[in-house]
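This briefing accompanies the sequence and the three-dimensional structure shown below. The points are grouped by topic.

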Amino acid sequence: MKITGIKTYHAHDGSRNNLFLQVFTDEGITGVGEPYSIGPDEGIISVVENMKPWFIGQDPGRIEWLLRRARNTMRFPLGQVGWSALSGMDLALWDIMGKAKGVPVYRLLGGPARDRVRVYHAIYDPDPVKLGERAQALQAEGYTAFKATPFPPGWQEMPWLAVVRESARRLEGLRKAVGDGPDIGIDIHTVIREPAKAIELVRALAPCRLMFVEEPAGAEFIATTARLRQEFRVALATGENLYGAARYAELMDADAVDIIQPDLLCCGGLLEAKKIAAIAEAHYVTVAPHNPLGLVSTAASVHLAASINNFVILEWHGDDKRKKQEFVTPVWKPVDGYFELPTSPGLGMELNLPVIKRNPARHWNRGFPTGPDGSPGFI
Amino acid sequence: MLGQAINVKITRIETLIADTGNNNAVYVRTHTDAGVHGVGEAYRVGPDRATAEWVAYFAEQLVGRDPREIERNWALMYQGARFPPGSSALAALSAIDHTMWDILGKSLDMPVYELLGGRVRDRIRAYHGVHGESPRKLADAAKRHVQDEGFSALKTSPLPHDWREMTWNEAVDGGRRLLEALRKAVGPDVDIGLDAHAAVWEPARAIELADALTEFTPFFMEEPLRMENRHKMGLLRRKMPFALATGECLYTKFELGELIREQAVDILQPDVCIVGGLTELRKVAFNAEAHDLTVAPHNPLGPLATVINLHFDAATTNFLIQEFRTPSEGEAATVTAGQSLWTATSPCQRAQVGAWTSWTRRSSRGP
């Protein structure tokens, strides 16, 4: 079998853009992938365009060789553009191999190691009462784990002590709404950037019983993250902003993390995520894939979760009203807070091209967060 | 191709211990209700009947399970054993792991290396062990491997065979005479690894030995110390004048992970028949890759172990070189096919990818 072509698709889901790609073969099998939508997505599209001659004419089963060769020849350490392009390609190549052999991708990866895949539902609402109600509605659907931001709206403008107090109140409200049983993770999203404040905040929130504290420091600050982990008496989760197994190994060798959160759309893809998970296993670290983007990401994450021993829980944003659910077919939905394992060959998800084409990408950026004095903040 | 629709269940797992003439070969076969079976090789740990007992113990719990669920079955065995397994249990676990990869590959009509993300190389470089009691005998044996068989890399002992009866200085001088003759016989370009086989004990002596032999430009020094103390191995590595290779006696991603963390190794040498099988060897290699380290699998066993290694070697970016020993007639007789693996067919005694079909069936797409 030989790769004959690669196509990228860029679509707007009502809130932000989604990137997809397809890899075509001379046997009529088409693989589906999704790179991370980073902002300047046209950069990713152009890298895929550039890489075409390295892939076309080659055996799609030589995944390690194809991706390594591309990475090595690009020479300089890749950032989010290059890693997202490679990750999207990796997913499509595994999809092709699964389809060629008539099995779900997790079979090729030595799985399944579990029968279903537990998810936590991310919930966002500026209103603390509505946040609790949203969680209760999801509980009624069977979800037993949630993730929320602890910060009240407009927190950047508030005195820090008020932020801590209000965050604790929000979280107490959420805990009260769902009861003692469910798992609640909180996402600091690297916005604090002062370790002492992260410690203070987590100390204030800890009585609400946290499944994990996510990104209490910038992922690039490994020593700081390690220090926070030594201070915390709750699990520290991080890793969505890292690329490539070597960087994850640095984080884990520094004892900086309890739960690693690679994103399959930019960490390097399924094969790289398998490597990250193997290194994590040797460090007693569990894996909770980051998964805020399109549904191909969800599919790939389910296959990873099914094929590794140290998977713990998967992020899921199923509730939003974005069009992204219509970009693929079939739509997967968790049952009782778990995804069932797919049984169709490959990743088990196809692009709904008419819908994707009817919703072309729009100009999008993340915006510039600022502090009360006008200086740059973090998003 | 069985594909996804067919349910596959383990019906029986058996251990076959063969007397090959001067040692045991310990094979494991996993049978299924789908007509495919898988083969694996366990490390020859000494008390091999204990390995067979472990196979029977694991088999009791695996019968009825799907052998293609490798990651899950591995964890069931390892975590189910509760106490750290040790040599005989890990030899059994490793061999059962091989049988599951074999079954998965056969069920999908794929060579195992394709399941591992495909081949990253077209042929596998190997080194051959070389021995000789005198400098002349060593040189003659080396010439045979290099000139007649085409090897471009060899491995030998850094000390004379009777070094335990000598003073240390005599032993080092004897080692120098051997290495000098060997280097002269094969020329300046052949890679020569040295295997101290964990026999030296004292870190300072290992440094003296390495310093005394460094002018003969060794490829690596293997296991200069016992394997228990990873920290001491790390201290030694910082002083080594050339690469330090070790890891054959370490088990699982955990122990080899400690070695990496202590910065105690340049070239990792896990053994696929005792480290925890192909599943575990891959995990060790991933960790090594993330630390920019290479893997040269230990491989003193039979032809089946060699084939299993070749699948790993083909698919692993940070593979360096494969240990290889020409099987005895007795060993060769314990497997069918695969002869082409160790018959010199190319100038450098490297197995061709298309010849690896004794373990998994030939791919329908050819080599």
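In chain B, strand 6 (residues 153–156) and strand 7 run parallel and are joined by 4 bridges. The model is predicted: local features need pLDDT of at least 70, side-chain atom pairs count only at pLDDT 80 or more, and totals for chains, interfaces and linings use all residues. Residues are numbered from 1 along each chain as its sequence is written, while chains are lettered from A and ligands numbered from 1 in the order in which they are written.

**Strand 7 of chain B and its partners**

- Helices (H or I, at least four residues) and strands (E, at least two) are DSSP runs numbered from the N terminus, and two strands pair if DSSP finds at least two bridges between them.
- K155(B) has G193(B), in strand 7 of chain B, as its bridge partner.
- From strand 6 of chain B the chain passes through helix 6 (residues 168–186) of chain B to strand 7 of chain B, a right-handed β-α-β crossover; right-handed means that, with the strands pointing away from the viewer, the path from the first strand over the helix to the second runs clockwise.
- Strand 7 of chain B is also joined by 3 bridges to strand 8 (residues 220–222) of chain B, and these two strands run parallel.
- Opposite G193(B) stands F220(B), in strand 8 of chain B.
- The β-α-β crossover from strand 7 of chain B to strand 8 of chain B goes through helix 7 (residues 203–213) of chain B and is right-handed.
- Strand 7 (residues 191–195) of chain B is largely enclosed by the rest of the structure, because 4 of its 5 residues are buried. A residue is buried if 20 or more other C-beta atoms lie within 10 Å of its own, exposed if 12 or fewer, and partly exposed in between, with C-beta atoms placed from the backbone.

**The sheet and chain B as a whole**

- An open sheet of 8 strands in chain B has the order 11-10-9-8-7-6-5-12, with parallel pairing.
- Its edge strands, strand 11 (294–295) and strand 12 (322–324) of chain B, each pair on one side only.
- Chain B has 12 helices and 13 strands, and 53% of its 367 residues count as buried.
- Among the contacts in chain B with a separation of 6 or more, 72% come from residues 24 or more positions apart; two residues are in contact if their C-beta atoms, placed from the backbone, lie within 7 Å.

**Where chain A meets chain B**

- In chain A, 31 residues are in contact with 29 residues of chain B.
- Helix 2 (63–74), helix 4 (105–108), helix 9 (245–253) and helix 10 (270–282) of chain A are the elements that give two or more residues to the side of chain A touching chain B.
- Helix 10 of chain A gives the most to that side, with 6 residues.
- I279(A) is in contact with A245(A), Y248(A), A249(A), M252(A), F286(B), N287(B) and A290(B), leaving aside its neighbours within four places in sequence.

- In helix 3 of chain A, 21 of the 22 residues are buried, leaving the helix mostly covered.
- At 1.5 Å a residue, the 22 residues of helix 3 (residues 80–101) of chain A should span 32 Å, which agrees with the 32 Å between its end C-alpha atoms; the expected span is 1.5 Å times one less than the number of residues.
- Just after helix 3 of chain A, G102(A) takes a positive phi of about 75°.
- E42(A) lies in helix 1 (residues 41–55) of chain A and counts as partly exposed because it has 13 C-beta neighbours inside 10 Å.
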